[in-house]
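Welcome! Take a moment to turn the structure around on your screen, and then let us walk through it together.

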Amino acid sequence: MYQTGMREECGVFGVYNHSDAANMTFYGLHALQHRGQDACGIMAGEGGSYDIHKGPGLVHQVFRDDILQTLTGSIAIGHVRYSITGGSHFHNIQPFIFNFQKKTFGLCHNGNIVNYEQLKEKLEQKGTIFHSDSDSELIAHMMSKDVYESPIDALKRSLVQIVGAFAFIILLNDELYAIRDRNGLRPLSIGRLEDSFIVASETSALDAVGASFVRDVRPGEIVRIDTSGLHSFSYTEETRSELCTMEYIYFARPDSDLGDMNVHDFRKRTGKKLALEHPASADIVMGIPDSSISAAIGFAEQSGIPYEVGLIKNKYIGRTFIEPSKHLRDRAVLLKLAAIRKVVRGKRVVLIDDSIVRGTTLKHITHLLKEAGTKEIHIRIASPQITHPCFYGVDISTTKELVMASTTKEELMEYYQVQSLEFISLEKLRECSFDQGLCTGCFTGNYVTDIFNRDAKEQ
Ligand code: AMP
């Protein structure tokens, strides 16, 4: 696969001015675990002295009590990682820590930089020698001039050159920096807990540590958090609000608010629109747990068809047990889900799923439901057809992985052996966001930035 540098779906969390900063970060990362289950890390300290611990695995596996106790200090940043390329090699696990001019600074990121190759080449032409292909090294080189003396200038100078999706939390000079890309593709929110500030990918992580929501970091904004509070800087005037639609549809937790919208509410609206756009004659409505439940409730409310729990998910199977190969992914679906025969037997079912990516999950689920005696299956999908890859960090990175890029709806219906299959239209999906800006590149192929070497990356 084409190496694009940063390519991550992740969660980031930071704490400023709390006596138990590492512990808070532990709980914050726990609340963001759905954003990445491959690896995690926490860096904590104060007074220019920081310690870090990171490793592969879930938050509670990597951080035992005795380890957390070694992470002292009132400032901390943390990260949960879902690896797309590069695997869980230790050097890919964040936070990244830089030792420069006898000082240390740390960085966590969520997103994907699309001009990584170009930025690297530019620095090499000026004589910079790279030791690795890592994004952290690129960013460190970009920021190195004046990074301690004039961090805002160093950040502005670097950020304005970076194209793509990013939410950064940077720990530098005992100050915390929270930064979003100019299109606001990845979420980042600020909260407050008494005299402490919290920064998190999702508001659900603020709730988890008892912090109250202050505001989102704005597209193109650098927020510096220091002893006198929050300070806002902008590194570009060219900003737009175009949060990733898949954050709403699948990725974020239903109890999170993204922009001004609650994720559960958004998903429920997609279900209602689906019921109006593509009604079905059926006895029950079911959602595939967990991410499709809200849309299924919306469909049931709008259509008047009763909502039922026909599929049960085993909560104790995490992604960490699952190698990302096709064979094991296929098995994983069966280990994860079971049908309640008594509910589905002899029934005409509306089956709601949030999205179709590779198309394999629904093959297994429709098979499962038929074996359990379901009479008819009407699939309704709460997102439009995903026909293009995501270059901004969602794990749909090549066209050939996407079943809807090469298959018609009718062919897929035939493959699943179901009575009907319909997707919400892009127009109706947009209505669900009350016309708030959204990145819809994976449905349309129109991306909010230049992609750089798009053809090579799409393969
Ligand atoms: P499949 O069509 O077999 O690839 O599975 C689609 C299901 O995976 C959807 O219903 C979502 O619940 C989930 N999903 C959607 N987007 C992603 C993603 N980027 N990474 C992992 N799972 C996803």
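What follows is a short tour of the domains, a sheet and a hairpin. Keep in mind that this is a predicted model.

The chain is divided into domain 1, residues 11-241, and domain 2, residues 262-437. Taken over C-alpha atoms, their centres are 33 Å apart. The contact involves 15 residues from domain 1 and ten residues from domain 2. On the domain 1 side, β6 (103-113) and β7 (164-172) each supply at least two of the residues that touch domain 2.

Here is the contact in numbers.

| Between domain 1 and domain 2 | Value |
|---|---|
| Area buried | about 1000 Å² |
| Share of that area from carbon and sulfur atoms | 56% |
| Salt bridges | zero salt bridges |
| Polar contacts (both residues at pLDDT 80 or more) | three residue pairs |

Now for the sheet. Four strands, in the order β17-β20-β21-β22, form an open sheet with parallel pairing. Because β17 (284-287) and β22 (420-423) stand at the edges with a single partner strand each, one side of each has no neighbour in the sheet. From one strand to the next, the twist averages 20°. Four bridges link β17 to β20 (residues 348-353), and Gly287 has Ile352 of β20 as its bridge partner. Helix α15 (residues 409-416) lies across β21 (376-381) and β22, at about 135° to β22.

Finally, the hairpin. Strands β2 (residues 39-46) and β3 (residues 49-56) run antiparallel and are joined by eight bridges. Cys40 is partnered with Gly55 in β3. Two residues lie between these strands, and Gly47 in this hairpin takes a positive phi near 60°.

Key: Residues are numbered from 1 along each chain as its sequence is written. This is a predicted model: local features need pLDDT of at least 70, side-chain atom pairs count only at pLDDT 80 or more; totals for chains, interfaces and linings use all residues. Side-chain values use heavy atoms; hydrogens and water are left out. Two strands pair if DSSP finds at least two bridges between them. Axes are lines fitted to C-alpha atoms, for helices over the stretch in contact, and angles run from 0 to 180 degrees between N-to-C directions. Contact means heavy atoms within 4.5 Å. Domain bounds come from an automatic or database domain assignment. Buried area is the accessible area (1.4 Å probe) that two parts lose on being put together, summed over both. A salt bridge is a side-chain nitrogen of Lys or Arg within 4 Å of a carboxyl oxygen of Asp or Glu. A polar contact is a pair of N or O atoms within 3.5 Å; within protein, one must be able to donate a hydrogen and the other to accept it, and residues adjacent in sequence count only if both atoms are side-chain atoms.
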